[in-house]
Amino acid sequence: MLCCILTRTVRLGWERMLNMKRTKIINGQVITPYRIFSHGTVEILDGEITYVGEQESGLPCEEVIDAGGNYVSPGFVDIHTHGGGGHDFMDGTPEAILGAAELHARYGTTSMVPTTLTCPNEELKNLMTAFHAAKQSNQTGAKLLGLHLEGPYFAKDQAGGQDVRYIRKPNREEYLEILEWSDDILRWSIAPELEGALELGEELSRRGILAAIGHSDAEYDLVMDACEHGYSHVTHLYSGMNGVHRRNAYRFLGIVESAYLLDELTVEIIADGCHLPPELIRLVYRIKGPERTALITDSLRGAGMPDGPSISGSVKNGQAVIIEDGVAKMPDRKAFAGSVATTNRLVATVVHKAGIPLLDAVKMASLTPARILKKDASIGSLTVGKQADLLIFDPDIQILLTIIDGRIVYQRKTDVSGPA
């Protein structure tokens, strides 16, 4: 321990060390990637986790937070969300992006990847500019890791809540131009069966951008081809894709079965209790496991808002949807348009309805999505040296406290005691 302290002192400098504040969270059920400490402690210094264990480190501490026997967890990482709190990222303003990020931080999201919808290119470019500005000024919301482009290169038969007016085949000149608009693109969801989509997968792979299969009618052989051309992830498994089907007397595997068979593919699921029944969530968990399954909200602006009419996408070019029964539906109520879930609801559904252990549920909402994005070196678990993004929640997965980079950004009026 002394050696670690001296090394850190040299790195940071004595003057900075003397001005830093150590925060200690005690009396919590601390969730690590491997176990739960029943009476654990987490210590934070300068926005970084410095200690996790059953006993306290014994170092002096300026702030103490008593978790009151509740769970202490890594912050949740949502790699697919469209908005919340009445804001949609397609509104294209820093205020909308920051508003949604703040809403989701109250429900356990400490890092997020704002997601687009199929839209006119000028609207997409405007969002990228707004995202860059919001990222620079974000102080009270979930971290803005980067952007997820969902479309416009999709199969029209699998459009779902996407606006078919803007769905089209990949055009190399167009997507290269889009990629030059922003350095914030982290992932792109595409139907790999479209002409030019495999070449796009290769381009994304070269740039270190996650290429994901989504809104697609691809069959097994094509999915294998996609994996060989850079695709490594499946967007909202079971939603916007085909399953096993027949042509004449023969059966062909769809994306669902391909995702199960190909170990190279990670998946994400909308575990809001509506898009997938608990039994299907349990099936995904048993086959793909917690290391290759991420929980996502796919939330629209209606997350955290009351039931009633709403809009998917921007106010200007979006589509009308209806929020009811805990989900967003298309106006004819024949299909879901997206979810209104928050990340704590995902974990609660997985644990209390699907019967998955809390340790694995938390991993699916934190470390696994961080790994999928190759961000797990800095976020996703309560590990010494990682950024101090963590939560305190009760047995119902109701968020009591959210800490991002060592700063409290949300605190509910509860028995949890500590700095306000």
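## Strands β24 and β25

In strand β25 (residues 407-411), R407 is the bridge partner of I404. The pairing of β24 with β25 is antiparallel and runs over four bridges; two strands are said to pair if DSSP finds at least two bridges between them. Helices (H or I, at least four residues) and strands (E, at least two) are DSSP runs, numbered from the N terminus. Two residues separate the strands in the hairpin of β24 and β25, where D405 takes a positive phi near 55 degrees.

The model is predicted: local features need pLDDT of at least 70 and side-chain atom pairs count only at pLDDT 80 or more, whereas totals for chains, interfaces and linings use all residues. Residues are numbered from 1 along each chain as its sequence is written, and side-chain values use heavy atoms, with hydrogens and water left out.

## Strands β23 and β24

Strand β23 (residues 390-393) also pairs with β24 in the antiparallel sense, over four bridges. Here L401 of β24 is the bridge partner of I392. The hairpin of β23 and β24 has five residues between the strands, and I397 in the turn has a positive phi of about 65 degrees.

Strand β24 (residues 399-404) is largely enclosed by the rest of the structure, because six of its six residues are buried (under 20% relative accessible area; exposed is over 50%, partly exposed in between; 1.4 Å probe, protein chains only).

## Residue S216

S216 lies in the loop between β13 (210-213) and α7 (220-228). S216 counts as buried because its relative accessibility is 0%. The side chain of S216 reaches the backbone nitrogen of A218 at 3.0 Å.

Conventions
A polar contact is a pair of N or O atoms within 3.5 Å; within protein, one must be able to donate a hydrogen and the other to accept it, and residues adjacent in sequence count only if both atoms are side-chain atoms.
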